[in-house]
Amino acid sequence: MPVEQLGKKLLYLSQADVESVGLGMSEIIAALEAAFREKGEGRVEMPAKIGIHPQTDAFLHAMPAAIPAHRAAGMKWVAGYPQNSERGLRYVTGLLILNDYETGLPLAVMDCVWITAKRTGAATALAAKYLARPESERVGILGCGVQGRSNLEALRVLFPIKKAFAFDARPDRSDAYAKEMSSELGIEVTTVSDPKQAVSSCDIVVTAAPILRNPHATIQRGWLAEGAFASLVDFDSYWHPDAMREAAKFCTDDVPQLEYYRGLGYFRDIPPIHAELGELVIGKKPGRASVRERTIACNLGVALDDLATAPLIYARALEQGIGTWLPL
């Protein structure tokens, strides 16, 4: 922002504006890796999110973070309402406020739907970089919504993915997903009617259905193959505790956030936490150690992801003249 406009105007970026700046998934993954390196070294301020829960399994969360090395500070105010799909509305919605690091003045307000989708997929890919086998070719996607799409897109950036198996409780969604993602990514995407088919033969498994306080625990012990990696985007909603305990390493992006959720009644029966993602990035804790071990990452979706991504979008928007200036 020009110095003369600081404190007088802010840039509003709609969902279409955010998407139109053209930020690529590989750039988002790189930004998250740099940010988690800072977190691993203890140079990030990110309090555990606070929130309200007006309806069953619905949430509104405040997610602030500061990354000094990136001169980034701000907060995302995000909602997740599983019942929205019945109204033809998005499950996840919200806004992100980006502040000037030096003065605290607001620089921009931007829609966070696209950001949340892409950075969550990027976090899965980043965790997989340290926990999955690098030659992984087959991916199982359980939950064929926004996150099912962005997670497969991100994994395709870092891994030689050749085939994906798609399962959704609503077959029409998995059918549409298979057609769209096959065309977009140039890989074979097959729908399956049995969730086990999207788990047992895969190198990487992503569960991306709505987050539930009471898990349906569909995935059973013995389903996840030796040497496979799983990303639990929907927390432990899909996983039986015995299936999770088969993992040699159970990791997360932020332990304080997980403990916050545990206090709300989530994560009642999960394995001990091996490492945070930042610890894997800096080598403080080991990632995958053998081709046979099963590994799991349960990334909760933290503000660090958003504040690593938003400044890149803001900078691109300024360069390209995208967005609407609003008076303060």
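Predicted model: local features only at pLDDT ≥ 70, side-chain atom pairs only at ≥ 80, totals over all residues.
Residues are numbered from 1 along each chain as its sequence is written, and side-chain values use heavy atoms, with hydrogens and water left out.

Let me start with the helices, where helices (H or I, at least four residues) and strands (E, at least two) are DSSP runs numbered from the N terminus. Helix 3, residues 113–131, packs against helix 4, residues 146–158, at an angle of about 45 degrees, and their axes are 8 Å apart; here axes are lines fitted to C-alpha atoms, for helices over the stretch in contact, with angles running from 0 to 180 degrees between N-to-C directions.

Turning to salt bridges, meaning a side-chain nitrogen of Lys or Arg within 4 Å of a carboxyl oxygen of Asp or Glu, a search of the whole structure finds 24. One of them joins the side chains of arginine 119 and aspartate 305, at 3.8 Å from N to O. Arginine 119 lies in helix 3 and aspartate 305 in helix 9, residues 303–320, so the pair ties together parts that are 186 residues apart in sequence. Both arginine 119 and aspartate 305 are buried, which is to say under 20% relative accessible area, with exposed being over 50% and partly exposed in between, for a 1.4 Å probe and protein chains only. Lys76, Arg119, Asp305 and Asp306 are linked in a network of salt bridges.
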